[in-house]
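Dear colleague,

I am handing over the structure below, and I would be grateful if you could look through it alongside the notes that follow.

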Amino acid sequence: MEPIASHENWRNCFSEVAPGLLLFARQWVHSAADAEDIVQDAFVKFWRRNHDIDNRGLLYSAVRSLALDFIRRDARRARREATVLAETEPVVEPHFELEDDTQSALAAAVESLPRDQREVLVLKIWNDLTFSEIAGALGISQNTAASRYRYALTHLKKTFQPQ
Amino acid sequence: MNDFSELEKDLKKLRPAQPSPVLFERVGEALENCRASVSDAKWKRWRFTETPYNWWSLGFGLAAAAVLILFAAITIERWHEHQQTVAQSSAASQTRPAPLGAERSTSRSGFVPAGGTNLVYNARDEGLHFTDGSERPVRRVRYHTQQTWRWRNPETGASLRVSYPSEEIVLIPVSGQ
């Protein structure tokens, strides 16, 4: 893949990574608008620093960090998020463009995953990160990332019933 | 991992929702603004808030150190005075006993530093952050400590202890992969 930061047309790069980044950001914030704000900040910082695509783990790390800061910054919002979290566990609503009932069932199964497994799955499946990159982005070991991914798939295999 | 290949295929077929077109415009504007402010950013690279130390903690620590140095200087000075008084009174004792009250008054304030501790009771890793103007991310670690300083008067056995909480934020540069 072409180095992301040396690419003259940032729009191509952004359109390539933005859906996955948004999905990742929505692990923490439920509002799509808030997630877009976070992704915008992270991408602009990443681009401005002229990082290479080899360091794209940093982009996801930045999204995660900004999302957590965002939650901390506004205590009222954090409480509301926590309430939603408690009421609608599992929290995350990965927004997919669903085409049929099978996909709806699969999306629901993904949403039912524990958060730590889901974030690894989101990074691996829809962002094409390696376990090494996932480990760097989440601040965990590579083995832990691989284990969480395997647990997530095992969990999905049990819960997902194709229509 | 082969057991999951079908499932992985199904997962990859799920397409995340596309971002709103407005987001592209906003990112474009932000990047334009960044280009315009690059030269400014170089000026501000070492701004107060971007340095990797918590200035409040540093200031507080320096103030505490200054107090300690002052206290030590006074203690040493008084110790010298006390020695002089003892020497004078020893010389004078051949003819006249030294007043006991004068010696006691100097020994009362003869505290000497007896040690100090810096107890880190909480260290919180706050994850990776980008500080403005920095090329690389840094890991932010927040330390909560309890600093305690002790003085002791070897003559009277009295001791003095000052203890205060302190917070320190350390930014540790991390290397990219």
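How many residues of chain A are in contact with chain B, and how many of chain B with chain A? This is a predicted model, in which local features need pLDDT of at least 70 and side-chain atom pairs count only at pLDDT 80 or more, while totals for chains, interfaces and linings use all residues. Residues are numbered from 1 along each chain as its sequence is written, and chains are lettered from A and ligands numbered from 1 in the order in which they are written.

Taking contact to mean C-beta atoms, placed from the backbone, within 7 Å, 39 residues of chain A touch 28 residues of chain B. Helix H1(A) gives the largest share of that side of chain A, eight residues (helices are DSSP runs of H or I with at least four residues, strands runs of E with at least two, numbered from the N terminus). Among the other elements that give two or more residues are helix H2 (32–48), strand E1 (96–97) and H5 of chain A.

E1(A) runs antiparallel to strand E1 (residues 15–16) of chain B, joined to it by two bridges (strands pair if DSSP finds at least two bridges between them), and Glu97(A) stands opposite Arg15(B).

Ala105(A) and Phe160(A) are 55 residues apart in sequence but 6.7 Å apart in space, C-alpha to C-alpha.

Best wishes

Notes: Contact = placed C-beta atoms within 7 Å.
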